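Work through each task before reading its solution.

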Amino acid sequence: MSQNRLGPIVASVRARAAERRAKQPLARLQDIVRQDSWRRERFITALTKPKLAIIAEMKRHSPSVGVLLEEERPNFARQPVPGPRWFALAQSYLLGGASALSVLTEEDHFRGTLDDLRAVEFTALPRLRKDFIVDEGMVLESCLYGADAILLLPCILNDGELALVRNVAREMGLAVLAEVHDEAELERVVPLEPELIGVNARDLSTFQVNLATVERILPLIPKGPIQVAESGIRTIDDLKRVRDAGAQAVLIGETLVKSGDARATLQSWNEALDA
């Protein structure tokens, strides 16, 4: 995803956030959202286990591959709504042994909604809000819709914005997954002391995926944050490869959504990881 391709996505996110703030001002969010350290604890505890933990992603659409989960929406609705296929996928993740859920909420390019976060509460799995978080309002609304953790992207924020988002998340009790793509981004996020640092194997300028990126950068992460491998993980061999590189958790979306039987896929992976 080059800056030219990333730019319109971030612009859309900022515009949508402004629309929501017009309806629910920041001051109102600050008044109704309360700190809850159990958000962070739920997420971290779920991923702290002897074997590789799997964060399974709820994802309808991707700019790089198109439709992943057929959209469900009434004829009068512009945006998809959580429906039978959405709930069935979340249930499959639960029964297959996922440790946590990642829910993609960006509207214009990934066809997600904030309601998607609430819709999977029935699983009782901790939830990561996967979005292009750009300001304090988006952090607070993440709490309001049931997130236990948020994604932090240094590639779209300057240092001041990174610090603000991180500090608000810390105050509210949200865990932060800081996603990096190279050594320079890693240097920027380490001082923020995120609970998790993820290495994305996808080259944002070409969309190409190379797990060698994960193998190169994971060993550079200092002790403390949970180390997460992201993108390009399709087989048990891939899982073992990133585990051997130091990953304690993986975030997997496209492969599971398109598998046809996410429960069976997860179960087979977990059994192989136990062997």
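**Exercise 1.** In which helix does Val13 lie? Then decide whether Val13 is buried or exposed, and list its contacts.

*Solution.* Some conventions come first. The model is predicted, so local features need pLDDT of at least 70 and side-chain atom pairs count only at pLDDT 80 or more, while totals for chains, interfaces and linings use all residues. Residues are numbered from 1 along each chain as its sequence is written, and side-chain values use heavy atoms, with hydrogens and water left out.

Step 1. Val13 lies in helix H1. Helices (H or I, at least four residues) and strands (E, at least two) are DSSP runs, numbered from the N terminus.

Step 2. Buried means under 20% relative accessible area, exposed over 50%, and partly exposed in between (1.4 Å probe, protein chains only). Val13 has 5% relative accessibility, so Val13 counts as buried.

Step 3. Contact means heavy atoms within 4.5 Å. Leaving aside neighbours within four places in sequence, Val13 is in contact with Glu106, Asp131, Phe132, Val134 and Met138.

**Exercise 2.** Which residues of helix H3 are buried, and why do they line one face of the helix?

*Solution.* Step 1. Helix H3 covers residues 37-47, and its buried residues are Arg39, Arg40, Phe43, Ile44, Ala46 and Leu47.

Step 1. Seen down the axis of H3, these buried residues fall within an arc of 165 degrees, so they line one face of the helix. The arc is that of the directions from the helix axis to the C-beta atoms.

Step 2. Trp38 and Thr45 are exposed on the other side of H3.

Step 3. At the start of H3, a side-chain oxygen of Asp36 comes to within 2.9 Å of the backbone nitrogen of Trp38.

**Exercise 3.** How many of the nine residues of H6 are buried? Describe what lies at its start and just after it.

*Solution.* Step 1. Eight of the nine residues are buried, so H6 is mostly covered. The buried ones are Glu136, Gly137, Met138, Val139, Leu140, Glu141, Ser142 and Cys143.

Step 1. Ser142 lies in H6, which spans residues 136-144. Ser142 has a relative accessible area of 0%.

Step 2. At the start of H6, a side-chain oxygen of Asp135 reaches to within 3.3 Å of the backbone nitrogen of Gly137. Just after H6, Gly146 takes a positive phi of about 100 degrees.

**Exercise 4.** Which residues line the largest cavity, and which helix gives the largest share of the lining?

*Solution.* Step 1. On a 1 Å grid over the protein atoms alone, a cavity is a set of points where a 1.4 Å probe fits but cannot get out; lining residues have an atom within 4 Å of a point. Grid points are joined across faces, edges and corners, and a volume is the space filled by probe spheres set on the points.

Step 1. A search of the whole structure finds one cavity of 30 Å³ or more. The largest cavity holds about 80 Å³ of space.

Step 2. Its lining is Ser12, Val13, Arg16, Arg20, Thr105, Glu106, Glu107, Asp108, Leu114, Arg129, Asp131 and Met138. Helix H1 (residues 3-23) gives the largest share, four residues.

Definitions and conventions:
1 Å grid on protein atoms, 1.4 Å probe; cavity = no way out; pocket = protein on both sides within 12 Å on 5 of 7 lines; lining within 4 Å. Polar contact = N/O pair within 3.5 Å; in protein donor to acceptor, adjacent residues only side chain to side chain.
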